[in-house]
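The exercises below are to be worked with the sequence and the coordinates side by side. Each task is followed by a solution that goes step by step.

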Amino acid sequence: MKRQSETSQDGIEPRKYALEDTFCFACDKGKSCYTHCCSDINIILTPYDIIRMKNRLGLTCDQFLAIYTKPEMLVRTKLPMVTLKMLDDDKKSCPFITPDGCAIYEDRPVSCRYYPLGMAAFREQELKPSGEDFYFMVRESHCKGFESNRQWTVATWRKDQGVEPYDDVNQSWMELILKKKSFGFQYELTEQSRGMFFMVSSNVDRLKRFVLESSFLDKYDVDPKRLETIKKDEVALLKFGLDWLQSALFGAEKVVLKEKVKKAYQEKADQQGAAAQKASESSPGR
Ligand code: SF4
Ligand code: SF4
């Protein structure tokens, strides 16, 4: 997470952290800075964050997105995402903050769990175009957590904060972001591809309708057992949607077209190629 009013580099240590790297930190209600970190922040919501939060609040995806989020485009990748919308008060507080802490603590977003660490995939600056994953440390001056001598590694912090199930579900999504980053500007997504990415990333209800109620299943070969699972389990549906994105955007063979559809597309492409060739042969030379 990043403070909205900060300059882009404030508080971010100029070094990369790996899983075994150590740091000292402790956060508890007794600290004078308690909840100070929960206002004026830019929290990108991952697909699994949205599932956990909208279920916690008993909302549909459309309702959750309309009430609690605002759309954003990652500058470097031009991928559309949503961020948590802060309240319109003096502090720009998070809508879930209370004097006793986070009202949705058990389902808080993964960025809040990682803090004071951050994930490289969301950093816009200083990223080598290699798709490499790493963590970084946000040292904000108001945060008393660094005064503690309680030592963690990145790995033990992730475990303590319950990050692992989030990263497990989001892994394929993070890979898509890192892949897009490593391709850089040489690989521009079409408007339609960006729309597909946004649907899978933020709206599992729409994804469900798209997979089950459009012509999707006429086109794609989906294992019957997997189909039964994704009808009942929205996390399985999200993972399926991410596999489909990996295939449709980056050529991974995770969700493939049916043979007859592939053949029909190939024939159409051949016909178009032949027509273009004929047109160029019959056009007058310069
Ligand atoms: S110690 Fe840091 S993380 Fe904990 S409440 Fe204070 S500012 Fe927030
Ligand atoms: S979701 Fe919870 S932990 Fe995250 S910023 Fe809001 S109140 Fe703080």
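**Exercise 1: the ligand shells**

By class, the shell around ligand 1 holds five nonpolar, four polar and two charged residues, where Ala, Val, Leu, Ile, Met, Phe, Trp, Tyr, Cys and Pro count as nonpolar, Asp, Glu, Lys and Arg as charged, and the others, Gly among them, as polar. The model is predicted, so that local features need pLDDT of at least 70 and side-chain atom pairs count only at pLDDT 80 or more, while totals for chains, interfaces and linings use all residues. Residues are numbered from 1 along each chain as its sequence is written, and chains are lettered from A and ligands numbered from 1 in the order in which they are written.

Task: state how the shell around ligand 2 divides by class.

Solution: list the surrounding residues, whose C-beta atoms, placed from the backbone, lie within 6 Å of the ligand; these are Cys38, Cys94, Phe96, Ile97, Cys102, Arg108, Pro109 and Cys112. Sorting them gives seven nonpolar, no polar and one charged.

**Exercise 2: aspartate 21**

Solution: begin with its place, the loop between β1 (2-3) and β2 (22-24), strands being DSSP runs of E with at least two residues, numbered from the N terminus.

How values were computed. Helices (H or I, at least four residues) and strands (E, at least two) are DSSP runs, numbered from the N terminus.
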